[in-house]
Amino acid sequence: MAGEFGGQSIPAEPIEVGEDDDSSEEYYDQRQDEDLEEDPDEDSDDEESESGYESSEHNSLQISTKSLSGSILDYPIENGRRYCSSGEGAYFMPNDEAEQIRLSIVHQIHLALLDGGLTKAPIKDDIGRILDIGTGTGEWAIAMAEKYPHAEVVGTDLSAIQPDKVPENVFFEIDDAEQEWTYTQGFDLVHMRNLAGSFESWTKVYEQSFKHLNPGGYLEVLDFQVNQWATEMPDTPAAVFSKALKSASDKSGRPLGVGHIKKSKARQVGFVDVRVGCMALPLGTWPQDPKQNWLGKMWLIGILEGLEAMAMRHLTVQKSWPPEAVRDICGQVKEQLTSSVGELYTPV
C-alpha cells in the first residue's frame, strides 16, 4: 500500500486503510500464548543499482551525527543469520547476502508494479534533494540519482551494505531514522519502502519528515500487507505463521502491518492532500497474463526467501521459539505456497 503526503493526488484510487486486526492468538506446538498485548504503537488510536561510477571521499559511506556509533559495523550472527545489531530494540531483519538478494528481487517487483517507474509522487525533473530512509542495498537511491542527475540523493540505513561505486550525486549514511534528524538542508522527497515493523512510533518519523521537507515536498510510504494469511488461509501453516509473526512484532513494540499508512496519521503532523492507494500483487504462477505471471512468480520467490528472514529473530527473541521450530514452520509454509493454494494477492 502506498501513501503520499504533502502534494497533489496520484493516479491510484484512494482508500482509507484501517489498523490491523489485533487478534493474534498463537497456537504453534499446541501452545497458547498468554502474553498477547494490545497494539503497542503509541499512535495506534489515532483517527482516522558498478559500471561508469566514480568513488570519492565525498560520496563514501558516512556515520552521520546523532546516529549510531561505529560499533554498528560489528554485525552479530544469530541462528545462522547476520544482523545489523543485537540487544533490546534491535532491527528484526538480517542484512546478510541472502537478504540482500531478496531485497534486489523485491526492488524489481516494485519497478514492474510501477511500469518501470521509481515513484508515484508527482515530482519535478529539476528536483533538488531526495532522502531514502531504510535504503537497504541502495538500489532505489542509485536509480533515482541516475534518473535525476542534478539532484542530491541521500540514502540512510542501519547497515552498511550499499555498493562503494555509485553515481557522484548519491550519498549513503548509517543513521537511525527514529533519532533526531540533523540535516541542515531540506528535501523535496522523502521515500520509505517496506519499513513495516521498523519503528516504535511512525508519528515521530512522520513529524521528522514533515520538518525536513521543503515547502511543496512529498513523503512517500510504501509497504506490503503481511497479515492477511490468517483470514485467507485459516487452519493452515501460513495462518499459524502469520499469527505468530504478528504476535511477536506486537510484543516487540514495532508492529508489522500497514496501520501506519493512514490519512489521519499524516494529517495530524501537518501534511495536506494526502492520498492512499493500493495495488494488487499476485502470489504464485497462476495468472495467465505474462506480466502478472512474472510478478506472481517473482513475488513467490521473494516470499519463500523472506519467510525465515522475517521470522527467525522475532520468534526466537520475542516468543522464545527454538530455531528448529522457526525453520519447521517456514518449511511448512513453503510447501503450502508451492502447492495449489488458489488465486492469492498481496495488497501493496
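Reply: Here is a walk through that core, with a few words on confidence and on a neighbouring topic.

This is a predicted model, so to speak of local features we need pLDDT of at least 70, side-chain atom pairs count only at pLDDT 80 or more, and totals for chains, interfaces and linings use all residues. Residues are numbered from 1 along each chain as its sequence is written, and side-chain values use heavy atoms, with hydrogens and water left out.

A nonpolar core is a set of buried Ala, Val, Leu, Ile, Met, Phe, Trp, Tyr and Cys residues joined through side-chain atoms within 4.5 Å; buried means under 20% relative accessible area (1.4 Å probe, protein chains only). The largest such core has 44 residues, and Trp229, Phe241 and Leu337 touch the most other members. Two or more residues come from each of α1, α5 (237–252), β11 (280–283), α7 (290–318) and α8 (323–337). The biggest giver is α7, with twelve residues. These helices (H or I, at least four residues) and strands (E, at least two) are DSSP runs, numbered from the N terminus.

Now look at Leu337. Apart from neighbours within four places in sequence, Leu337 is in contact (heavy atoms within 4.5 Å) with Trp229, Met233, Leu283, Leu300, Ile303 and Leu304. There is also a second, separate core of 23 residues, with Ile133, Val190, Leu219 and Ile261 among them.

As for confidence, pLDDT is the predictor's confidence in each residue, from 0 to 100. The protein chain has a mean of 82, and 79% of its residues reach 70 or more. Over residues 5–70, though, the pLDDT is below 50.

Definitions and conventions: Buried < 20%, exposed > 50% of the residue type's maximum accessible area, 1.4 Å probe, protein only.
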